[in-house]
Each structure stands twice: as C-alpha cells, then as structure tokens.
Amino acid sequence: TYGGTGTVTATATSGLAVTFSTTSPACTVNASSGLVTAVTTGTCVIAANQGGDATYAPAPQVTLSITIGIASQTISFGPAPALAVGGSGNLTATSDKGLTPVTLTSATPAVCSVSSNTVNGLSTGTCTIQANQAGNANVTAASASLSFGIGGGFQTLLFGLVPSIAVGGTGTFTATSDKGLTPVTLSSTTPSVCSISAGTVSGLAVGACTIQATQAGSG
C-alpha cells in the first residue's frame with residue numbers, strides 16, 4: 001500500500017548479479033537490494049536486468065507488476081484537558097500519515113463545545129470529541145473519538161460595601177455570586193452583636209458583626 005516498502009528478488013541462471021529499475025511513478029526501487037518503496041497508488045512495474053559478462057550474454061529483461069493500494073490512517077489524540085464548567089483547555093489530534101487538517105467537533109454539545117483546538121466546558125458530564133480527517137487519493141478517511149469528564153465549576157461570593165452601624169441602627173448589606181447564581185443567603189454568625197433579614201443588618205450590641213454568605217450551587 002501507499003507508503004509501504006517491500007523487497008523483490010530475481011536470479012539469473014548464470015549466477016550473475018541482477019539489478020533492478022523502474023520508470024513507474026508509483027514506486028522507487030533500489031537497484032542492488034531490490035527494496036521497493038510505494039510513493040503513490042497505481043501500478044508499480046519493476047524490471048530485472050542482467051548485462052552478462054565475458055562468458056554470458058545479456059539476459060532478456062523481465063518485469064514484475066505490483067499494485068499499490070490506498071493506505072489507511074490512524075488518528076491519535078493528545079492528552080485530554082482537565083476541565084470544569086466554565087473552563088477551557090487545548091486538545092490536539094494528528095494523523096499518523098501527517099495529513100491535515102484534522103477537524104474536531106463535539107458529539108456532546110450540551111456538555112462541551114470545541115473551536116479549533118480549544119474545548120470549553122458547558123455543563124458537568126462526559127464530553128466526547130470527534131476527530132475527522134478526510135484522506136486523499138492515497139490515504140483513506142479516518143475518524144476517532146475521545147471522551148473525558150467535565151467537572152463542576154467554582155464560584156466566588158462577593159460582598160458589597162460594609163455598612164456603618166451603631167447599636168440600634170440598621171444598614172443594607174449585599175452579596176453576589178460571580179457566576180450570577182441566586183439566591184445568595186445571608187445570616188449572622190454573631191447573633192448577640194447583629195442580626196440580618198432580607199439584606200438589612202441590625203446592630204444589637206457593641207462588637208464585631210460577622211455575616212455569612214451562602215450559595216447552594218447548581219448542576
């Protein structure tokens with residue numbers, strides 16, 4: 001097949017060394033060793049020659065026809081990226097025949113997307129990426145797939161401005177998720193100093209007021 005090698009042999013009844021040649025564009029041949037290399041699909045014609053010597057006349061040339069078939073290719077992936085929801089990472093795929101481009105697509109578009117070689121995590125689950133190479137006149141088309149997990153993403157809670165409160169006074173306090181998730185629940189971990197209800201903090205006693213913000217996350 002295309003890209004492959006093999007060796008042809010021929011002998012003369014005289015015992016003299018035989019040399020090889022070809023004019024075929026489908027292959028090349030080493031004149032002395034008979035090593036044939038397939039360089040394209042088609043018919044490879046190898047000629048065996050013996051020019052004779054002082055004792056023997058030249059031998060009639062003989063030929064051998066070899067059909068060079070289309071080769072197959074294998075697609076290999078690089079390491080799978082470690083991704084969480086909202087994250088992105090690089091993924092590569094190559095052909096063992098060096099053909100390009102190798103195109104990547106997502107077979108699980110609800111879980112992940114891919115643009116060029118960048119994979120984006122969209123939701124938790126199993127992300128499956130399909131790699132395709134179209135082949136050419138000498139090499140068949142090929143495809144392969146790679147599956148890996150998308151983990152849960154992380155969020156950060158951000159507080160608004162801290163109110164200035166005296167005993168008996170109130171102030172407004174907010175907290176939000178950088179991922180936009182709601183609700184963000186506020187509670188006081190110092191109930192003898194302060195309380196909070198619907199974002200309003202009430203000062204109960206002199207001291208340090210600590211407010212805890214909690215967001216339950218999602219899938």
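Student: What is the pairing of the bonded cysteines of the protein chain, numbered in sequence order?

Tutor: The pairing is 1-2, 3-4, 5-6. This is a predicted model, in which local features need pLDDT of at least 70, side-chain atom pairs count only at pLDDT 80 or more, and totals for chains, interfaces and linings use all residues. Residues are numbered from 1 along each chain as its sequence is written, and side-chain values use heavy atoms, with hydrogens and water left out.

Student: What makes C27 and C44 a disulfide?

Tutor: A disulfide is a pair of cysteine sulfur atoms within 2.5 Å. For C27 and C44 the S to S distance is 2.0 Å, so the pair is a disulfide.

Student: Why is C27 called buried?

Tutor: Buried means under 20% relative accessible area, exposed over 50%, and partly exposed in between (1.4 Å probe, protein chains only). C27 has 4%, so C27 is buried.

Student: Why is the pair of F159 and F173 called stacked?

Tutor: Rings of Phe, Tyr and Trp (its six-membered ring) pair if their centres lie within 6.5 Å; planes under 30 degrees apart count as stacked, over 60 as edge-to-face and the rest as tilted. The centres of F159 and F173 are 5.1 Å apart and the planes stand at 15 degrees, so the pair is stacked.

Student: Is F173 buried or exposed?

Tutor: F173 has 8% relative accessibility, so F173 counts as buried.
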